[in-house]
Amino acid sequence: MLKLCSELEMVVSCCEAKRDKLRETKELEQKWLEEKKQVLLAANDHIERLRVEKEKYSEHNILLETKAKIQKMKAYQEQLMESLGDILEKHVPLPQDESTASKKKKNIPLKISEDLVSLSKILEVLMDKVMNTPHDPYVTIDHTFWPPYVEMLLRYGIAVRHQENNFKIRLETFF
């Protein structure tokens, strides 16, 4: 009987050890299950957020945003061009036939053509040419371009001459 009791106690202790081991395994499995549920919830939230963004940024909305940005840039360009025109008008006016200029060089008659274009118009023509035909950005210099303006643009690196034809200039590429 004592032997049987001791064997039963050993069986009970083995069962209790197995039970404890199974409880630990169960707790670990429950923690793992909880982590997987949290990952699943996060993934579902992310999918829902992406679905909402996709609806929000449909092709039509992207097109409208792009058009708005283009209009904003055009308005900004116009504002810059107006500012440039104002600065050039104030600081670099068109040549005028004045008596003070002829006093300095009395022997040389000063002939100023009436159809000369302003420096802002020259710059505008150069910019339009670059934007409209980037494969051929050169503008032919004619009698309406006042030579001192052209020389100023060339000296300060704003424009460059054509390698083969000196009567053509283009806007220098800026980076």
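L80 has a relative accessibility of 44%, so L80 counts as partly exposed (buried is under 20% relative accessible area, exposed over 50%, partly exposed in between, with a 1.4 Å probe and protein chains only). The model is a predicted one, in which local features need pLDDT of at least 70 and side-chain atom pairs count only at pLDDT 80 or more, while totals for chains, interfaces and linings use all residues. Residues are numbered from 1 along each chain as its sequence is written, and side-chain values use heavy atoms, leaving out hydrogens and water.

As for the overall layout, the protein chain holds five helices and three strands (DSSP runs numbered from the N terminus: H or I of at least four residues, E of at least two). Going along the sequence, the pattern reads α-α-α-α-β-α-β-β. Of the 175 residues in the protein chain, 13% are buried.

Back to L80, which sits in helix α2 (residues 59-91). Together with M73 and Y76, L80 makes a nonpolar surface patch of about 330 Å². Patches take residues with over 30% relative accessible area and no salt bridge, joining like charges within 9 Å and nonpolar side chains (Val, Leu, Ile, Met, Phe, Trp, Tyr) within 5 Å. A patch of negative charge turns up on the surface too, where E16, D20, E24 and E27 gather. E16 belongs to helix α1 (residues 2-56) and is partly exposed, at 39% relative accessible area.

The strands line up as β1-β3-β2 in an open, antiparallel sheet (two strands pair if DSSP finds at least two bridges between them). β1 (139-140) and β2 (159-161) are at the edges with a single partner strand each, so one side of each has no neighbour in the sheet. Between β2 and β3 (residues 168-171), running antiparallel, there are three bridges. R161, for its part, has I169 in β3 as its bridge partner.

Searching the whole structure turns up two salt bridges (a side-chain nitrogen of Lys or Arg within 4 Å of a carboxyl oxygen of Asp or Glu). In one of them, E48 joins R51, with the closest N and O atoms 3.1 Å apart. These residues are three apart in helix α1, so about one helical turn separates E48 from R51. Both ends are partly exposed: E48 at 41% relative accessibility, R51 at 43%. R155 and E151 also form a salt bridge, at 3.0 Å from N to O. Helix α5 (residues 147-155) contains both R155 and E151, four residues or about one turn apart. Here R155 is exposed at 67%, whereas E151 is partly exposed at 35%.

Terms used
Accessible areas come from the Shrake-Rupley method with a 1.4 Å probe; for residues, only the protein chains shown count as cover. Lys and Arg count as positive and Asp and Glu as negative; His and the chain ends are not counted. The place of a charge is taken as NZ of Lys, CZ of Arg, CG of Asp or CD of Glu.
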